[in-house]
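The following note sets out numbered points for a colleague who has the structure at hand.

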Amino acid sequence: MSDVFQFMKLSRNPGDKIEASVRKIEFKEIYQPLHAVDAADQAGRCLSCGNPYCEWQCPVHNYIPNWLKLVEEGRLFEAAELSHQTNSLPEICGRVCPQDRLCEGACTLNQGGFGAVSIGSIEKYITDEAFKAGWRPDMSSVVWSDKKVAIIGAGPAGLACADVLVRNGVKAVVYDRYEEIGGLLTFGIPEFKLEKEVVSQRRRVLEDMGVQFVLNTEVGKDISFDKIYSKHDAVFMALGAYNAVQGGFPGENNHGVIKALPYLINNVRQSLGTLPAIEKPISMRGKRVLVLGGGDTAMDCTRTAIRQGAKRVLCAYRRNEASMPGSRREVMNAREEGVEFLWCKQPIAIEPMIGGTLAVKLAETSTGSQGGAERSALQLVEGSDEIVECDHVIIAFGFQKESAKWFEDFLSETKLISANKNDYSKDLPLRGINVWMGGDMVRGADLVVRAVFDGRMAAKDILERFEISSWMV
């Protein structure tokens, strides 16, 4: 019988973190994996709440207390099976989810000051160790149907949809324009948060399950949507959100100003050795860098610049630290690695200087009296302008969804939908055609785990349309 007071006797342990002086010069995950004993000890700290807040706060509603108990008892394969009943990418979510805002933030132990159970680290441990020990999803009882579904986009929503479909005997063919699967998991999130072998391992598992990947293939360019639609019984679109939000101030298109996503993709491709010959490597070595933005993408950019050997890295955000939309853990890691923060600073203009440097004009902001509104409107403080000189500016204001012209052309030609065709979040599946959509292309830029949820729910809906009982519980 486990010790009911273990949460008092053992401190929270998310895994050892590599020292900043070491980790800031390499592109490797900074959190070390838990060993079996540590994972069991941490799982034993769970209070097994009757109404588990952690589970409700999780977007896919993982059975967290249940698989924590299995880990404590050393039943690794059963924990892996249970984890996969609600999440198609648990080893990835365990690494990149902002647990401090989700499951761990809701942990009852926080209220007593004992520190949340290390849910994310244990979730990562379960799948990593189960894979090493030979566990794979059990496909022995799958009865294959004659149905075939095309999935456009190999990001988390697309992968999750494919996972659920093949478990239920439906062929899944995943198209993606990049050379590897994962979408932003591979090409956006840096390796110090998610090493790419983790995604490659998941690809091998999915292929063994029967998922087919058609990579280096851009829909609308290399293959028409009409052709894909005609060859499959249904289509799930998970294109992501790659349309960068603009700042709307003078100079954001000047030479030396870089958008966050092209910068991150370029760096990952350098690491993978897949950077196209026509594309120049982007390096911040010896440069003074200013990152504009306060989300996780901004932190990815600051920490990448540090690892590339930047001379100095500043991050300017228009609100205070408590209002940052990104993970508090990522801000802390960035600060430890040498990133300097400028709070309540909004860019007004970027001007080129003699010698090729940039002068960024920043103004101080303050919140007006908005009756206690959670996100009060900002006001610029008169006379507070200051100039920050740097070599490069990286704009990381986030991403928004955008339409796909090839799909809108398809809708116009078939005349199967007459209203709201630019709003992909309404009336899904689209009237008269078996097309589903989900993930960031519907929500706008959001969490990986929410994209996973969308992909799984789309698959469940497709299975219902095919009158196939769903494997999901």
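**Notes on the predicted model**

1. Tyrosine 229 is partly exposed, with a relative accessible area of 25%; by contrast, phenylalanine 225 has 1% relative accessibility and counts as buried. Here buried means under 20% relative accessible area, exposed over 50%, and partly exposed in between, computed with a 1.4 Å probe on protein chains only. Both residues belong to helix H12 (residues 225–231), where they are 4 residues apart, about one turn of the helix.

2. On the basis of the model: it is predicted, with local features requiring pLDDT of at least 70 and side-chain atom pairs counted only at pLDDT 80 or more, while totals for chains, interfaces and linings use all residues. Residues are numbered from 1 along each chain as its sequence is written, and side-chain values use heavy atoms, with hydrogens and water left out. Helices (H or I, at least four residues) and strands (E, at least two) are DSSP runs numbered from the N terminus.

3. The whole structure contains 12 aromatic pairs. Phenylalanine 225 and tyrosine 229 form one that is stacked, at 6.1 Å centre to centre and 20° between the planes. Rings of Phe, Tyr and Trp (its six-membered ring) pair if their centres lie within 6.5 Å; planes under 30 degrees apart count as stacked, over 60 as edge-to-face, and the rest as tilted. Ring pairs also link Phe225 and Tyr229 with Trp406, Phe407 and Phe410 in a cluster.

4. An open sheet is formed by 5 strands in the order S6-S14-S7-S8-S9, with parallel pairing. S6 and strand S9 (340–342) stand at the edges with a single partner strand each, so one side of each has no neighbour in the sheet. From one strand to the next, the twist averages 25°. Two strands are taken to pair if DSSP finds at least two bridges between them.

5. Strand S7 (residues 288–292) has 4 of its 5 residues buried, so it is largely enclosed by the rest of the structure. S7 runs parallel to strand S8 (residues 312–316), joined by 5 bridges, and valine 291 stands opposite cysteine 315 in S8. Towards S14, also parallel, there are 4 bridges, and valine 289 has histidine 392 as its bridge partner. S8 in turn is joined to S9 by 3 bridges, with alanine 316 opposite leucine 342.

6. Which helix is enclosed by strand S6, helix H14 and other elements? The buried residues of H13 are covered by elements including helix H10 (184–187), helix H11 (196–209), strand S6 (257–259), helix H14 (296–307) and strand S14 (392–395). Those buried residues include Leu261, Tyr263, Leu264, Ile265 and Val268. H13 lies across S6 and S14 and runs at about 75° to S6; axes are lines fitted to C-alpha atoms, for helices over the stretch in contact, and angles run from 0 to 180 degrees between N-to-C directions. Glycine 273, with a positive phi near 75°, follows H13.

7. Threonine 127, in helix H8 (residues 119–132), counts as buried at 0% relative accessibility. Leaving aside residues up to four places away in sequence, threonine 127 touches His84, Pro90, Glu91 and Arg202, contact meaning heavy atoms within 4.5 Å.
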